[in-house]
Amino acid sequence: MSLEAIKTVTAAEKNAERVRCEAQVQAKQMVTEAENLGKQDLALAKARAEEAIASIDRDVSAKSAVAAEEIAQNTDAACQKLRQEAKSKMDEAVAIIIGRIVNG
């Protein structure tokens, strides 16, 4: 093999090694960029999910407050009705009790 051919092969090998090293550096940079973008996307998705959860929590709290108020009103109305019924029967109950005591 001539000296010129050896120099050409050596230069080609050096060039190939340089290209391989550059490709490795570029690949590492691409991996790092992809990881960073993935972390950003994950953080964004997490923030959106947390906001969605907070929104659902607010909705549920509002709906449960309305339901609790409705239950309280219904319970109060039922209690009032029972009180009225009890009052209307009070005179009759007293008369029965007095009748039993007096009549023995």
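At 45% relative accessibility, E51 counts as partly exposed; the term covers values between buried, which is under 20% relative accessible area, and exposed, which is over 50%, with a 1.4 Å probe and protein chains only. The model is predicted, so local features need pLDDT of at least 70 and side-chain atom pairs count only at pLDDT 80 or more, whereas totals for chains, interfaces and linings use all residues. Residues are numbered from 1 along each chain as its sequence is written, and side-chain values use heavy atoms, with hydrogens and water left out.

The overall architecture comes next. The chain has one helix and zero strands, where helices (H or I, at least four residues) and strands (E, at least two) are DSSP runs numbered from the N terminus. The radius of gyration is 44 Å, well over the 13 Å that the globule rule gives for 104 residues, so the chain is more spread out than a compact globule. That radius is taken over C-alpha atoms, and the rule is 2.2 Å times the number of residues to the power 0.38. Along the principal axes, the C-alpha atoms of the chain fill a box of roughly 145 × 25 × 10 Å. Buried residues make up 0% of the 104 residues. The chain exposes about 9,300 Å², of which carbon and sulfur atoms supply 61%; accessible areas come from the Shrake-Rupley method with a 1.4 Å probe, and for residues only the protein chains shown count as cover.

Helix α1 comprises residues 3-103 and includes M90. Its 101 residues should span 150 Å at 1.5 Å a residue, and the end C-alpha atoms are 143 Å apart, which agrees; the expected span is 1.5 Å times one less than the number of residues. At M90, α1 bends by about 40°, the bend being the angle between axes fitted to the seven residues ending there and the seven starting there.

M90 is partly exposed, with a relative accessible area of 48%. Together with V94, I97, I98, I101 and V102, M90 forms a nonpolar surface patch with about 600 Å² of accessible area. Patches are made of residues with over 30% relative accessible area and no salt bridge; like charges are joined within 9 Å, and nonpolar side chains (Val, Leu, Ile, Met, Phe, Trp, Tyr) within 5 Å. I101, also placed in α1, is exposed at a relative accessible area of 65%. The C-alpha atoms of I101 and R18 are separated by 117 Å, and these residues lie 83 apart along the chain.

R18 pairs with E22, the closest N and O atoms being 3.0 Å apart. R18 and E22 are four residues apart in α1, and therefore about one helical turn separates them. R18 is partly exposed at 43%, and E22 is partly exposed at 44%.

E17 forms a salt bridge with R20, with the closest N and O atoms 2.5 Å apart. Here the two residues are three positions apart in α1, again about one helical turn. E17 is partly exposed at 36%, as is R20 at 40%. An α-helix has 3.6 residues a turn, so residues three or four places apart point the same way.

The salt bridge between R58 and E51 has its closest N and O atoms 3.1 Å apart. R58 is partly exposed, with a relative accessible area of 49%.

Conventions: A salt bridge is a side-chain nitrogen of Lys or Arg within 4 Å of a carboxyl oxygen of Asp or Glu.
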